[in-house]
Amino acid sequence: MIDTERVREMTKLSAYETHEGKQYRQAVRYFRSDFVGIHVIKGFFSGTAAFGICLVMWGVYHLEELIAGLGSMDLIQLGTDILVRYLFFLTVYLAAVAIYANVYHAAGTKNMKRYYRRLKRLGRLYEEQESRSAPMRR
């Protein structure tokens, strides 16, 4: 006979594996510090690329002003301003990436613990049914 409680647990486990399980499985494969470190390194490169793209777009937009003032422009001051803004942007961006990675890993760990609890519950349901249907030994 079909055990409805066991079927319900199996359905919940299957739904988790197809939806949330795929997205959090990568997060819980690593320790939290390793997971955050990987994301911070990726964030460094993507943040640098994003800042570079924004800098190029700003340069193209202000190209006339830059060419007209090139002779009287203090290039060291311009380079220093760009460097300070880059470091500020990167600091804020990497802090946001680290916070996001921490929260994501915590949520993944919490969901995987719930998944393993349900697996244990399903195992107990199987054992209960097996013990009820097994013949008595004397």
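These notebook entries record what I looked up in a predicted model.

**Ground rules.** I number residues from 1 along each chain as its sequence is written, and for side-chain values I use heavy atoms, with hydrogens and water left out.

**Entry 1, helix α1 against helix α2.** I take helices as DSSP runs (H or I, at least four residues), numbered from the N terminus. I looked up α1 (residues 4–18) and α2 (residues 20–28), and found them packed at an angle of about 60° with axes 3 Å apart; the axes are lines fitted to C-alpha atoms over the stretch in contact, and the angles run from 0 to 180 degrees between N-to-C directions. I therefore call α1 oblique to α2, on a scale where under 35 degrees is roughly parallel, over 145 roughly antiparallel, 65 to 115 roughly perpendicular and the rest oblique. Taking contact as heavy atoms within 4.5 Å, I listed A15, Y16, E17 and T18 on α1, and E20, G21, K22, Y24 and R25 on α2. I sorted these residues into three nonpolar, two polar and four charged, counting Ala, Val, Leu, Ile, Met, Phe, Trp, Tyr, Cys and Pro as nonpolar, Asp, Glu, Lys and Arg as charged, and the others, Gly among them, as polar.

The α1 side of the contact includes E5, R6 and L13, and the α5 side includes N111, Y115 and Q129. By class, I wrote down nine nonpolar, two polar and seven charged residues for this contact.

The contact is made by E20, Q23, Y24, A27 and V28 of α2, together with Y104, H105, A107, G108, T109, N111 and M112 of α5. I sorted them into six nonpolar, five polar and one charged.

Leaving aside its neighbours within four places in sequence, I found H105 in contact with A27, V28, Y30, F31, R32 and F35.

I paired rings of Phe, Tyr and Trp (its six-membered ring) if their centres lie within 6.5 Å, with planes under 30 degrees apart counted as stacked, over 60 as edge-to-face and the rest as tilted. The count came to seven aromatic pairs. One of them is F89 with Y93, a stacked pair at 5.8 Å centre to centre and 10° between the planes. Both residues lie in α5 (residues 75–133), four residues apart, about one turn of the helix. I noted F89 as partly exposed at 29% relative accessibility, and Y93 as partly exposed at 30%. Ring pairs link F51, Y86, F89 and Y93 into a cluster.

I finished at I67, in helix α4 (residues 63–68), which counts as exposed at 59% relative accessibility. Its C-alpha atom and that of R8, 59 residues apart along the chain, are separated by 70 Å.

How values were computed. This is a predicted model: local features need pLDDT of at least 70, side-chain atom pairs count only at pLDDT 80 or more; totals for chains, interfaces and linings use all residues. Helices (H or I, at least four residues) and strands (E, at least two) are DSSP runs, numbered from the N terminus. Buried means under 20% relative accessible area, exposed over 50%, partly exposed in between (1.4 Å probe, protein chains only).
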